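Here are a few exercises to work through with the model open in your viewer. Try each task before reading its solution.

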Amino acid sequence: MTKAELVAQVAQDVLVTRREADRIVETVVSSIVNTLRKGEKVEIRGFGSFRTRTRKARTGRNPRSGESVYVPPKTVPFFKPSKQLRDAVLDANPTES
């Protein structure tokens, strides 16, 4: 599902215009991003939690030349789905493991 499809679904479900639905979706996304930038976590019960993780500095390789490259430490977003979400997805796809 793309953002445009999500906006259309919200507009249909909540009976608002696409413009209002776009503002709703954009507000939720920007709120999550701003909270993560502060180093805090976002927990949506029944869905999952967003937090940040710090990756250590490491030595990588340039795939084209093969030379070693220093990769500095960085903070990346991380999403952990709730048990309820995992179970719902598993129930929808019982043949996959």
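Contact means heavy atoms within 4.5 Å. Axes are lines fitted to C-alpha atoms, for helices over the stretch in contact, and angles run from 0 to 180 degrees between N-to-C directions. Helices (H or I, at least four residues) and strands (E, at least two) are DSSP runs, numbered from the N terminus, and two strands pair if DSSP finds at least two bridges between them. Residues are numbered from 1 along each chain as its sequence is written, and side-chain values use heavy atoms, with hydrogens and water left out. This is a predicted model: local features need pLDDT of at least 70, side-chain atom pairs count only at pLDDT 80 or more, and totals for chains, interfaces and linings use all residues.

**Exercise 1.** Work out the order of the strands in the open sheet of 3 strands.

*Solution.* Start with E1 (residues 42-44), which is joined to E2 (residues 48-55) by 3 bridges in an antiparallel arrangement.

Putting the steps together gives the order E1-E2-E5. E1 and E5 are the edge strands, each pairing on one side only. On average, neighbouring strands of this sheet are turned by 30 degrees against each other, direction ignored.

**Exercise 2.** Find which helix lies across this sheet's strands E1, E2 and E5, and at what angle to E2.

*Solution.* The helix is H2 (residues 18-37), and it runs at about 40 degrees to E2.

**Exercise 3.** Describe the hairpin of E3 and E4.

*Solution.* First, count bridges: E3 (residues 58-61) and E4 (residues 68-71) pair antiparallel over 4 of them. Then pick a pair, Thr59 with Tyr70. Finally, inspect the 6 residues between the strands, where Gly66 has a positive phi near 85 degrees.

**Exercise 4.** Which helix gives the most to the lining of the largest pocket?

*Solution.* A pocket is an open set of points on a 1 Å grid over the protein atoms alone, where a 1.4 Å probe fits, with protein on both sides within 12 Å along at least five of seven lines; lining residues have an atom within 4 Å of a point. Among the lining residues are Leu6, Val10, Ile24 and Phe50. Helix H1 (3-14) and H2 each supply at least two residues, and H2 gives the most, with 6.
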